[in-house]
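Please keep the sequence and the model at hand while reading.

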Amino acid sequence: MTTSILLVEDNPADAELTLDGLREALPTITVDWVKDGAQAIDYLFGRAAYTANPPPLPKVVLLDLRLPKVDGLQVLKAVREEARTRWLPIVVLTSSREESDLVRSYELGSNAYVVKPVDSEKFHEAVRMLGLFWKDLNQTRGE
Amino acid sequence: MFMIHESGEFLATLPPDSRDRRLAAAVVLVSAAVFLAAVPFAKTPLPPIGPFIPIYETALSINDLITAVLLFGQFSILRVRSLWVLASGYLFTAAMTVAHALTFPGVFAPSGVLGGGSQSTAWMYSFWHGGFPLWVIAYTLLKGRADEAPVPRLHPRAAILSAIAAVLVTVCGLTVMATAGQDALPAILLNNRYTPSGTVILSSVWGLSVLALIILWRRRPHSVLDLWLMVVMCAWLFDMALSAVLNAGRYDFGFYAGRVYGLLAASFVLIVLLLENGALYARLADSYRKLQYTRILEAQIDEAKRTEAVTHRLNAELEDRVRQRTAELTDANRELEAFSYSVSHDLRAPLRAIDGFGGKLERGYAERLDDEGRRLLNVVRDSAQRMGALIDDLLAFSRMGRREMVVAPVNMAGLVRAVADELRSREPTTRAIEIEIGELPTIAGDMAMLRQVWINLLSNALKFTQPRTPARIEIGGQCDGGEIRYWVKDNGVGFDMQYADKLFGVFQRLHAFDEFEGTGVGLALSQRIIRRHGGHICAEAAVDGGATFSFTLPSLPPVNDEAAS
């Protein structure tokens, strides 16, 4: 079974740093990167560009909140409403320290809420730990 | 306008009370008794008294004239036709009395001043005494009728003038008839004795008064005026019975006694009217006083209403303004939140990129850079990290102002111990630090916020005691009236009190970055938290003499065991 991680991130710099961290921690894993909420939904639901070849569900979705088209909270909501993706681990990875964002995210069923540290070393470390935890340690309920 | 058109206000409309009725009955009874006593002597001749007729008739005329004036006065207020007729009746008797006196033989001239003959005076008497009951009957039939509306067509003055004119014309006509036309009329008096036709005529005249009395009696309800008119008609009956029916001729006992009756009769209504006028005046004065009082009250009420209206308007304006301001502030707050959200989210992303890509540069290309190159790269990364810390602190400060306070009892001793342990664990183990925690009373407040205050104060104390060995920090609290004062005292580098006012400003720092790190937000945040709790924070220090930061909080209200259990 292929193991992949879906990264939903519109900022290429953040995406690159995140990919760096993940690749370092998990050299064998596939990380798919989409740049907005609409693409994320298409990816997860096998729609639009993904209809022909729907990707399997990833081990975890790293989801930014501020996204073009469909924002992170809307993605979260859509994913939780769909039976196939109801138990899919989703980690909100955001710059926002706003209490309201945190509360909304958990209300909509996010599995974790991580604030991206500005310090690149801390950020790198955080991403590494996230990857390891969700790939190897976490047990999730399959379909 | 007058508001006394209500029935019961005037003589003409006032119903008589039992006292009025008793008095009227008593007068009639006494009159009747005197009349009966006088009847046997009616024909007793007495010597003629020359001035009797002019004196008597002048008095009678003036009496009736005044009565007429008073009745016209009431008419002008009530404007009912019946009063107008009755007043005319009195005017008629007043004028007829004068005319009668002028025709009386031997008074002003041997056969009267108006000419005529021997029968003129007797006919004048008949017209006079027969006429008045007719006016009374007319009055009685008019009064109390449903259609007896106030007379709207004529102004009262015009109505009165026309009444006077009509009465004078009538009186003149009757006088002419009795004087110039006396030959066409049957004789009443011959040789100072009544002729048979005279007896018939005078009895008929008398009968008219009886008729008037009966009609008056039957026409109910009676007013006070009606009551006294009945008394008057009784007196007229006795008068005429004595002086024109039962007597024998002029200047006998009946002649004199009857006329005394007539004078009394004329006086009743006059007296009652005068009393009524007095009462009316008193009522008027009273009403006027009340009206004045009412006007003052009304003026005061108007004033109060005006004031209330103004207050109401001002309140409404104020509320509008408050609503508007609230809307503006809400908008401003929403914008501010959107702004801080952007700051929180968007501003940190490029910083992370600067630092992150700086890191990649450092890791991947370090061997290609010389020492200066690596130093410059470090400055870039440090600055980015510093800016990240500034943004975080600024957002924390902004959040603290907006966050809802959750107030509960806070165990300060436990809280401070936990914070102190945590901060101490972050310090290098080589540092000698003595932290002394004294008594710390429990307080009501927001646990998370107060924790932030202690973190800021204790980390400051640890930071600024870095050059000291050992670093000594004393923490304590003390009840002071209605509040509790907590303090953190250190033996650190202190500061110049000259700059104490800058201490709690956002981004205000009293030390260079390379001396002590920090964003300058911690104390501003602490002050904000303490102020939101209703307390205040202050500092005392000297350069190189250590610093003491203390803050007060309102003390916990006494614990109510029952409420707590």
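## Terms and numbering

Two residues are said to be in contact if their C-beta atoms, placed from the backbone, lie within 7 Å. This is a predicted model, in which local features need pLDDT of at least 70 and side-chain atom pairs count only at pLDDT 80 or more, while totals for chains, interfaces and linings use all residues. Residues are numbered from 1 along each chain as its sequence is written, and chains are lettered from A and ligands numbered from 1 in the order in which they are written.

## Chain B as a whole

Residues 24 or more positions apart make up 73% of the contacts in chain B that have a separation of 6 or more. Chain B contains 13 helices and 9 strands, where helices (H or I, at least four residues) and strands (E, at least two) are DSSP runs numbered from the N terminus. Of its 565 residues, 36% count as buried, a residue being buried if 20 or more other C-beta atoms lie within 10 Å of its own, again with C-beta atoms placed from the backbone.

## Nonpolar cores of chain B

A nonpolar core is a set of buried Ala, Val, Leu, Ile, Met, Phe, Trp, Tyr and Cys residues joined through C-beta atoms within 7 Å. The largest one has 88 residues, and B:Ala87, B:Trp228, B:Val232 and B:Met233 touch the most other members. Among the elements that give it two or more residues are helix H1 (18-38) and helix H8 (253-365) of chain B, but the largest share, 18 residues, comes from H7(B).

Leaving aside neighbours within four places in sequence, B:Met233 is in contact with B:Val136, B:Ser209, B:Ala212, B:Leu213 and B:Leu216. Apart from this core lies another, of 42 residues, which includes B:Phe464 and B:Leu525.

## The sheet of chain A

In chain A, 5 strands form an open sheet with parallel pairing, in the order E2-E1-E3-E4-E5; two strands pair if DSSP finds at least two bridges between them. Strand E2 (30-34) and strand E5 (112-115) of chain A are the edge strands, each pairing on one side only. Strand E4 (residues 90-94) of chain A is joined to E5(A) by 4 bridges, and A:Leu93 stands opposite A:Val114 in E5(A).

## Where the chains meet

The two chains touch through 15 residues of chain A, which are in contact with 17 residues of chain B. On the side of chain A, helix H1 (12-25) and helix H5 (120-137) each supply at least two residues.

Technical notes. Buried ≥ 20, exposed ≤ 12 C-beta atoms within 10 Å, placed from the backbone.
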